[in-house]
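Hello,

Here is the structure for you to look over. My notes on its side-chain contacts follow below.

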Amino acid sequence: MSTTTHTRPSPAAPWRSAFESHMAEMPSPEFVFASLHSSPDSKSPTPYVPRLRFCIYRGMWSQLPENKHNDAPKNPRVYDSDLPTFTTDVRMQKVGELFGSSAGKATKDEQVQGSGGGGPCEAVYWIKEKGMQWRMKGTAFIVAPDIEGQEESSGVRTVKSEIGGRMRVVEGGEDKEGDWSWATELTGHFGNCSPGMRGSWKNPPPGTPVKGEPDKDHQLAQKVTDLHDPIARSNFRVVVIKPDEVEATDISNPETARRRKYTFVADAQDGKGEWTEEELWP
């Protein structure tokens, strides 16, 4: 495995079990993901405006959900994390937004093709069946095909440091760290998508004008079974949310409604830390 910052065995975040239980009960684990887009008005008093869209929760990073239809190689069980994931297309605006609003302020198209990002984000999950709302605030990073290239870009190093810093070695995994691969995890996420979903990464460029027929390689409603389809894989990305604050608001019973706020307090020396919990009125 390429250089990764990680922590020794430690317990999961105190909100993790309830959150995953609620995700498992949803017919489709949809959520709203918000990022920051550069203001189109140069005279605007604020440099960014919010952009929101619905996404699908794809499990926690390093804990690929089981899927009997996924033939991709799997990583050994070495790491655990409290980092929600979803998949996207590099051609979507959210990718550029996560780079452009990050500390690196990458704005050119060639600067957002690889791993990196780290812009601020929020994610909101509404579990109607439970009367529960989950809201996460933090930053989000992009895992791209260059995650284990011959040379590590600054974006790759950032991802492995920021995401790797929240990955915990599970008990019994200490001797298997060298067998765990970022690239294998990325391919596993691609394999967990249906052939139709994989085909969406061969669609015509999202958001571009419809002018005649698209070329033969970029058609709608394609089905991809090749885990290494060059066009689909070149556009496929996994987004990893690194939450610093999580709120769980329970309004299932109006008489006992509560909001619980969990805050990650990082150690100033090594970035490791722990979650604090506070009970609030909803």
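**Aromatic pairs**

Phe-31 is buried, at 1% relative accessible area. Buried means under 20% relative accessible area, exposed means over 50%, and partly exposed is in between (1.4 Å probe, protein chains only). Phe-86 is buried too, with a relative accessible area of 1%.

Before the rest, the ground rules. This is a predicted model, where local features need pLDDT of at least 70, side-chain atom pairs count only at pLDDT 80 or more, and totals for chains, interfaces and linings use all residues. Residues are numbered from 1 along each chain as its sequence is written, and side-chain values use heavy atoms, with hydrogens and water left out.

The model has 17 aromatic pairs. Rings of Phe, Tyr and Trp (its six-membered ring) pair if their centres lie within 6.5 Å; planes under 30 degrees apart count as stacked, over 60 as edge-to-face and the rest as tilted.

How are the rings of Phe-31 and Phe-86 arranged? Their centres are 5.6 Å apart and their planes stand at 70 degrees, so the pair is edge-to-face. Phe-31 lies in strand 1 (residues 30-38) and Phe-86 in strand 4 (residues 85-89), so the contact ties together parts that are 55 residues apart in sequence. Helices (H or I, at least four residues) and strands (E, at least two) are DSSP runs, numbered from the N terminus.

Phe-190 and Phe-236 make another edge-to-face pair, with 5.1 Å between centres and 75 degrees between planes. This pair links distant parts of the chain: Phe-190 is in helix 4 (residues 182-191) and Phe-236 in strand 8 (residues 236-250), 46 residues apart. Phe-190 is buried, at 0% relative accessible area. Phe-236 is buried, also at 0%.

One aromatic cluster is made up of Trp-15, Phe-19, Phe-31, Phe-33, Tyr-57, Phe-86, Tyr-125, Trp-134, Phe-264 and Trp-275.

**Charges over rings**

A charge sits over a ring if NZ of Lys or CZ of Arg is within 6 Å of the ring centre and within 35 degrees of the ring normal. Arg-166 has its charged end over the ring of Phe-264, 3.7 Å from the centre. Phe-264 also belongs to the aromatic cluster. Over the face of Phe-190 lies Arg-233, at 5.2 Å from the ring centre.

**Salt bridges**

Side chains of opposite charge can pair when their charged atoms come close. The count here is 20 salt bridges, each being a side-chain nitrogen of Lys or Arg within 4 Å of a carboxyl oxygen of Asp or Glu.

Where do the partners Asp-229 and Lys-202 lie? Both are in the loop between helix 5 (195-199) and helix 6 (230-235), so their pair ties together parts that are 27 residues apart in sequence. Asp-229 is buried at 11% relative accessibility, and Lys-202 is buried at 11%.

Lys-160 bridges to Glu-152, at 3.0 Å from N to O. Lys-160 is buried, at 2% relative accessible area. Glu-152 is partly exposed, at 31%.

Asp-217 and Lys-216 form a salt bridge at 3.5 Å, N to O. Is Lys-216 buried or exposed? Lys-216 is exposed, at 68% relative accessibility. Asp-217 is partly exposed, at 31%.

Salt bridges also form a network that links Arg-16, Glu-20, Asp-80, Asp-82 and Arg-168.

Best wishes
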